[in-house]
Amino acid sequence: MSFPRNMLFSSYYRIKKLSSQVLGIISFVMLKISTPILLVLLLLIGTYELYLRLTSGYFTPLIYTFKDNIGFVYDHFAAPNVVNAFGFVDKDRNPNINDRKRVLIVGDSFVSGTSLAEQIERDLNKAIPEEHFEVIPMGFPGIGLGNMYSFVEQYGLLFKPVAVVAIFNSSTLANNSRLLESIKLGSHPDHSMRLFFEEDNGQCHKMPIDSNFQQYFLKELPARQSNTLYTEIDNFLKSTIGRLYVFSWLNDIVMSRDQYAFLSRDNEFAYRYYQLRSTPSFNQQLSDWLFPADLDINNMFWISTEELPVVFRSALNSTKCAFIEFNKLASANDFKFIVAISDDCSAQNSLQKSEFQYRSDKTQRHFIDQGYKNKVVTIAEETRTKYIDLFNAFKINQDAFHQYQNIHWNEEGIKIAAFSISKYIVSTLSINQTP
């Protein structure tokens, strides 16, 4: 028995119409249910975003720019309410006002965008209100002493400071080496985008910034042919909500759950490492460092000085030269140069310890307690550089004063560091405190 074609088509369209109506009803109900849930979710996210902006150490990424003889600073014109005319995350400063004592705080992300300078200023003026201290931060993430020197030489001297304090943390030794920095950042060692100091036959030399550094970048690791679902999701989130503090918070949670997150850039660094080893002069300095089957750029400085590979011993010599040049600048311009050694140079957090243990398994390199700080102190004493060791102020409960699994101080940690630094400044300047 066969059905007429028009009857079949009629049944088909009735079923299709009924299905559309059912789907419409379902969609309407789902929209009615999901809209309040979505609004509540957006409200919760917005509230937590505001909370993080008021209380956390996160920040909205800023645009940076390159300046000859300075290096990288932030772009004032892109964020004039956040970045001053000098390119630092700070309020506007007038070097022509002479009714106060100026102290410069120079450093990397321990200084840039933090409340450290503000807190030191508050402590100094509380201790000696009649002196009218102004504490000026000059910082940019990831820099070493060479960049700090250029900040002071080009901008800081305009303020006629009585003291310059350099914050020295457990990344600074590596940041003082142009070869190690090339591995981290991809710039060519002979065409650096930052100022470095190096020792050659007992003499210190300034390695100037090459304004054409971009023409000499090392080759980048070839991109993967196909992205994973994870990278696709990560890229989508970065492009849509990457500027939100909530995104940084979620990213930190994900990274903290990954016990091998510290390996994430090994392939990239190794690719640059082997490029440099193809050049005979660089190979001579890198040949006894078996990266990536060895300790990484920062962890290596925790072993004994005698066991350090050549490139890391050179980094110590570069640091020594930087101290010497800073002291010369201080003497010529009548200010005190002080190095504040952060507590993370004396003790590692649990994540750092697990990384050291993982990386040292193959080479059996031995961790030395306070090994990093001891190297900095030795250099400071050899060069007669004034320094303050901040570890004693933190050692009672170090983890409580840092961002989670991070070397950076939280707000309570900043207050502790600022108080110790301000006391040292007062004693160094030989100023009598108000009773």
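Is Glu134 buried or exposed? At 8% relative accessibility, Glu134 counts as buried, where buried means under 20% relative accessible area, exposed means over 50%, and partly exposed lies in between (1.4 Å probe, protein chains only).

1. Basis of the note. This is a predicted model, in which local features need pLDDT of at least 70 and side-chain atom pairs count only at pLDDT 80 or more, while totals for chains, interfaces and linings use all residues. Residues are numbered from 1 along each chain as its sequence is written, and side-chain values use heavy atoms, with hydrogens and water left out.

2. Glu134 and its partner. The side chain of Glu134 forms a salt bridge with that of Arg100, at 3.7 Å from N to O; a salt bridge is a side-chain nitrogen of Lys or Arg within 4 Å of a carboxyl oxygen of Asp or Glu. Glu134 lies in strand β4 (residues 133-139) and Arg100 in the loop between β2 (71-74) and β3 (101-107), so the pair ties together parts that are 34 residues apart in sequence. Helices (H or I, at least four residues) and strands (E, at least two) are DSSP runs, numbered from the N terminus. Arg100 is partly exposed, with a relative accessible area of 34%.

3. Other salt bridges. The structure holds 22 salt bridges. One of them pairs Lys328 with Glu325, their closest N and O atoms being 3.4 Å apart. These two residues are 3 apart in helix α10 and are therefore separated by about one helical turn. Glu325 counts as buried, at 15% relative accessibility. Salt bridges that share partners also join Asp90, Arg93, Asp99, Arg100, Arg102 and Glu134 into one network.

4. Asp294 forms a salt bridge with Arg365, with 2.8 Å between the closest N and O atoms. The pair links distant parts of the chain, 71 residues apart: Asp294 is in the loop between α9 (280-286) and α10 (310-333), and Arg365 is in the loop between α11 (350-360) and α12 (371-382). Both Asp294 and Arg365 are buried.

5. The disulfide. A search of the whole structure finds 1 disulfide, defined as a pair of cysteine sulfur atoms within 2.5 Å. Cys204 is joined to Cys321, with an S to S distance of 2.2 Å. The link is left-handed, with -80 degrees about the S-S bond. Cys204 in strand β7 (residues 203-207) and Cys321 in helix α10 are 117 residues apart, and the pair links distant parts of the chain. Cys204 is partly exposed, with a relative accessible area of 26%, whereas Cys321 is buried at 1%.

6. Helix α14. This helix (residues 411-429) has 19 residues and reaches 27 Å from its first C-alpha to its last, close to the 27 Å expected at 1.5 Å a residue; the expected span is 1.5 Å times one less than the number of residues. Asn410 caps the N-terminal end of α14, a side-chain oxygen lying 3.2 Å from the backbone nitrogen of Glu412. The buried residues of α14 include Gly413, Ile414, Ala417, Ile421 and Leu429. After α14 comes Ser430, whose phi is positive, near 55 degrees.

7. Cys345 is buried, with a relative accessible area of 0%.

How values were computed. Polar contact = N/O pair within 3.5 Å; in protein donor to acceptor, adjacent residues only side chain to side chain.
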